[in-house]
Amino acid sequence: MAPFLFFLFPLLGLSFAEISSKIGINYGRLGNNLPSANRSIELLKAMNAGRVKLYDADLEILKLLSGTNLQVSIMVPNNEISTIASDQTKADEWVRNNVLPYYPETMIRYLLIGNEVLSYNSSDQDRQMWYDLVPAMSKIKSSLKSQNITNIKVGTPLAMDALQSTFPPSKATFRADISDTVMAPMLRFLNRTRSFFFIDVYPFFPWSSNPGNISLDFALFKGNSTMEYTDPGTGLVYTNLLDQMLDSLIFAMTKLGYPNIRLLITETGWPSSGDIEQPGANIHNAATYNRNLIHRMVAKPPLGTPARPGVVIPTFIFSLFDENQKTGPGTERHWGLLHADGTPIYDVDLTGMRVLEDYEPLPEEQNNRPYKGAVWCVVAKGVSVNDEELGSAVNNACIAGNASGTCDALSPGKECYEPVSLTWHASFAFSSYWAKFRSQGATCHFNGLAEQTSLDPSHGSCKFPSVIF
């Protein structure tokens, strides 16, 4: 048990008493049907959120947050990082334009440089941004200091893919390509400025990629003594997946000489819906995860993690709304606590004061096992769309897949030409394109016009291509 003492004792000298445990919410705006900024802020206040995290420094929103009790996190976009890193005057200008007009009436408390920057690795420009992160953080911090602003923490939110390994937690290390060149100087900065290690951490992803070996109850904080995991390197006992993931970061930081940097969860949550082949994405699991998460994070005295018991971990849930313009798999558009009209997708008490037994019964669990069978991609039901928009989507699918004959069957006289209906042709084009190019990253989305179905839409001699899971 000696390693456990190593992690516990250094924290005894640090004061976490000033850190609020109130739950925060990520306010993403990638939707064409979302409420106004004013209405959104009112919803946040009605939900008793303690913090709100923005993905920019929107002027209107920051003005609306003035005079509220909401602590605010703002963000420097990824595309501005390198410019700020190389020029202190640019950092000063950014702070002058995006902080000074609103602070302190708007309670800006976190200034994040970029979003999951270390997850981008497809170009030299992406990798250059890695090395520009800490210089940009330093210059923004200097700008704040020059304005005598000392209560805004500067950092950058990372995804769990910054780690080379996470299991068992005691063996965790940062990726070899960033450990010495990016993470070591970043941790030095965070330690020196007494900032947080900001992390986006989603138990949904490791569980959904390996549901056969990771218990769903373990991921949803419903574990019991039969599901406990004991780290062989430390003897620490884990009762849930989130604690394992968080402690893997603590062990990785400690290996680089920084055992005391505090954690702040910038994103976590669970999707309430998704594609047919995405198991576990349903309202039952989303509500269970977020309700249990809130109870853990606002508990008094604080629970912390096995490696850091009794420590507050500030937490932002992702996200306020379902966002219908996010690309990628279906889950990407279903992380919200609220529908786009502001009504709750499921009931949740951000204060954590409501006991779990007081909630209305949830829908029965569903889709918790990987789907096996054929799936088609068709025009979504209930989507308000004009013929021009749908026609444009069909043309794009057909042109992009022209070399592969994606829409050959829709030509006059061919087997799928009739009925001559835009919806019919669009459904065939969507299904055909998705079936041919899914292996290259294509999704059944088409700007929100399409959805998956397990019901074969084929008719007569017209056979719709499908994806087999």
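What follows is a working chat about a predicted model of a single chain.

Q: How many helices and strands are in the chain?
A: In this predicted model, the chain holds 13 helices and 16 strands. Its radius of gyration is 24 Å, close to the 23 Å that the globule rule gives for 469 residues, so the chain is as compact as a globular protein of that length.

Q: And what box do the C-alpha atoms fill?
A: Taken along the principal axes, the box filled by the C-alpha atoms is roughly 80 × 55 × 45 Å.

Q: What share of the residues is buried?
A: Of the 469 residues in the chain, 54% are buried.

Q: What about contacts, how much comes from residues 24 or more positions apart?
A: Among contacts in the chain with a separation of 6 or more, 73% are between residues 24 or more positions apart.

Q: How many salt bridges does the count come to?
A: The count comes to 11 salt bridges. One of them joins the side chains of D56 and R29, with an N to O distance of 2.7 Å. D56 lies in the loop between β2 (51–53) and α3 (59–64), while R29 lies in the loop between β1 (24–26) and α2 (37–46), so this pair ties together parts that are 27 residues apart in sequence.

Q: Are those two buried or exposed, or partly exposed?
A: D56 is partly exposed, with a relative accessible area of 22%, and R29 is also partly exposed, with a value of 32%.

Q: Which helices hold D243 and R296?
A: D243 and R296 form a salt bridge in which the closest N and O atoms are 3.0 Å apart. D243 sits in helix α10 (residues 241–255) and R296 in helix α11 (residues 283–297), so the pair ties together parts that are 53 residues apart in sequence. D243 counts as buried, at 5% relative accessibility.

Q: What about K222, which residue does it form a salt bridge with?
A: K222 forms a salt bridge with D217, and the closest N and O atoms of the two are 3.7 Å apart. K222 counts as partly exposed at 33% relative accessibility, and D217 is partly exposed as well, with a relative accessible area of 25%.

Q: New topic: where is N115 found, and is the residue buried or exposed?
A: N115 is found in the loop between β4 (108–113) and α6, and at 18% relative accessibility this residue counts as buried.

Q: Which residues does N115 touch?
A: Leaving aside residues up to four places away in sequence, N115 touches Y55, M75, N78, Y120, P157, D200 and E267.

Q: Last one, where does Q147 lie?
A: Q147 lies in the loop between α6 (124–146) and β5 (153–155), where it is partly exposed, with a relative accessible area of 40%. Q147 and V95 are 52 residues apart in sequence, and their C-alpha atoms are 9.2 Å apart in space.

Note on methods:
Residues numbered from 1 in each chain as written. Predicted model: local features only at pLDDT ≥ 70, side-chain atom pairs only at ≥ 80, totals over all residues. Heavy atoms only, no water. Helix = DSSP H or I, 4+ residues; strand = E, 2+ residues; numbered from the N terminus. Rg over C-alpha atoms; globule rule 2.2 N^0.38 Å. Buried < 20%, exposed > 50% of the residue type's maximum accessible area, 1.4 Å probe, protein only. Contact = heavy atoms within 4.5 Å. Salt bridge = Lys/Arg side-chain N within 4 Å of Asp/Glu carboxyl O.
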